[in-house]
Amino acid sequence: MKVQNKYRAQPVRDDDGYFASKKEHRHWQTLKLRERAGEISKLERQVRFHLEHNGIRICDYVADFVYFEGQRRVVCDVKGFITPDFRLRSRMMKAFLSIDVETV
């Protein structure tokens, strides 16, 4: 019996690894093309950020993609829709690490 994702995302596996959804996989393909064209650099997947306050670890945030556009570091997450959990973690990224998370 095939288990369905609660958000109906269809996972994809290819030579680059596992992707939680077709949309995430398509965005990865686009970013790889942009990196080859020299528009972006230092493209990474599934980058973990530790969120802590006053030395107490609250949780981790795992960004789908991190890359540089010129000197600007971009932290990007692919979402079908914004969940309350994502909204909270993205606010903690801004509050604790001064990082804005972009969504696609």
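This passage walks through the salt bridges of the structure and how exposed their partners are. The model is predicted, so local features need pLDDT of at least 70 and side-chain atom pairs count only at pLDDT 80 or more, while totals for chains, interfaces and linings use all residues. Residues are numbered from 1 along each chain as its sequence is written, and side-chain values use heavy atoms, with hydrogens and water left out.

Side chains of opposite charge can pair when their charged atoms come close. Here, the count of salt bridges (a side-chain nitrogen of Lys or Arg within 4 Å of a carboxyl oxygen of Asp or Glu) comes to 10. One of them joins R34 and E39, with the closest N and O atoms 2.9 Å apart.

Another bridge pairs R48 with D60, at 3.1 Å from N to O. It ties together distant parts of the chain, 12 residues apart: R48 sits in strand β3 (residues 41-53) and D60 in strand β4 (residues 56-69). Strands here are DSSP runs of E, at least two residues long, numbered from the N terminus. D60 is buried, with a relative accessible area of 13%.

Then there is K94, whose salt bridge to D100 has its closest N and O atoms 3.4 Å apart. K94 is partly exposed at 43%, whereas D100 is exposed at 52%.

How values were computed
Helix = DSSP H or I, 4+ residues; strand = E, 2+ residues; numbered from the N terminus. Buried < 20%, exposed > 50% of the residue type's maximum accessible area, 1.4 Å probe, protein only.
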